[in-house]
Amino acid sequence: MANTVPVIDHPQVLAPLLIKAKELPINIQFFSAITNNLAGSKVVDFASFGDNVIGFSDDGVYLANQTLLITALKYGQTNNKLIALHVDNRHQLGTATTILRDAAAIRFNLTGVNENYEAKPLAQDLTIVNQLQLPYHLCHLSTAKGVALIRKGKIINPFLTCEVTPHHLTLSIDDIQANDGNYLMNLPLNLKTDQISLIAALNDGTIDIIATDHAPHQSKEKGSFATSAMGIIGLQLTFPLLYTKLVQTKQVALATIINALTINPQKLIHHHDVRLKVANEANFTVIDLNLTQPVTRKLLQSKAANTPFLGTKLTGWPIINVHNGVIHYLHQEGT
Ligand SMILES: [Zn+2]
């Protein structure tokens, strides 16, 4: 995503990252910002990025200007680029508001947000986007009201797609035990009923893909709700979390999870066929569905440890990772 420092809004910012990515034992694809410096006032030179980006996103910031939104969506439609939207009404809130669902915020004497934090701007976008049948992709859907809007929207707009994070599928505000910034993310955790609705939407195809919204922060950036940076790490825990909390509990089929993490995103970004077959590059992960271990700081490969799942016992861990025919990760017993 483009919300880095500096913002990826020009091919010159992207160029050194492309070189770095090529050296890594993993396939990395990039997004450019939709607007310069994510400021929402002027679109980037879309064509200047050519095939070096798979799409455009002002992730982290709502693009309130509908003229610019439509310009971006039309470019995406013509050029097969995913235009991914982050939707919230933070720009309309007072500075005293914490991005924490109201029913949880009240427990910590904070002013929180309700379901309209997502639903209001989403409904505004969909009114125009669905009428024009433009390919709009929503990042991290988080509420039952949002699910209802997407489900209804898909009936008239076949190009409407969306994603959900592992943490919105596996946590609700009922899981918040303390005033701990590791439960603070944007979009926020919601009610148990919202979580149930997201799981149902994954099962019936309303939700197309699962994506992490991986957001590493140093421990000094976290702390309590009122002062914490937003977001949690997600990449390494994605599969074991989904397997343990959704498949083992028989709420979601294993095939649904695998498709939402692999084939469905591949289609969405118009990526070449990555399936295991003759003449394709060997890029795959082997998962041990019987391996159970707790999430510890030592286990985390990230430089950051901002996750509410530290200490949680999870099952279904990757044990072998192969990139372009070379084994880059091999699980050792006891590590
Ligand atoms: Zn976002």
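Tutor: Angles under 35 degrees count as roughly parallel, over 145 as roughly antiparallel, 65 to 115 as roughly perpendicular and the rest as oblique. The axes are lines fitted to C-alpha atoms, for helices over the stretch in contact, with angles from 0 to 180 degrees between N-to-C directions. The model is a predicted one, in which local features need pLDDT of at least 70 and side-chain atom pairs count only at pLDDT 80 or more, while totals for chains, interfaces and linings use all residues. Residues are numbered from 1 along each chain as its sequence is written.

The helix to examine is H4, residues 116-132, where helices (H or I, at least four residues) and strands (E, at least two) are DSSP runs numbered from the N terminus. Just after H4, Gln-133 takes a positive phi of about 50 degrees.

Leu-126 is also among the buried residues of H4, which include Tyr-117, Pro-121 and Val-129 as well as Glu-118 and Asp-125. A residue is buried if 20 or more other C-beta atoms, placed from the backbone, lie within 10 Å of its own, exposed if 12 or fewer, and partly exposed in between. The buried residues of H4 pack against helices H2 (66-79) and H5 (144-156) and against strands S3 (82-85), S5 (111-113) and S6 (137-138).

Turning to H5, its axis and that of H4 come within 10 Å and cross at roughly 5 degrees, and the two helices are therefore roughly parallel to each other. H4 contributes Glu-118, Ala-119, Leu-122, Ala-123, Leu-126 and Asn-130 to this contact, and H5 contributes Lys-145, Gly-146, Leu-149, Gly-153 and Ile-156, two residues being in contact if their C-beta atoms, placed from the backbone, lie within 7 Å. By class, the contact of H4 with H5 has 6 nonpolar, 3 polar and 2 charged residues, where Ala, Val, Leu, Ile, Met, Phe, Trp, Tyr, Cys and Pro count as nonpolar, Asp, Glu, Lys and Arg as charged, and the others, Gly among them, as polar.

How values were computed:
The expected span of a helix is 1.5 Å times one less than its number of residues.
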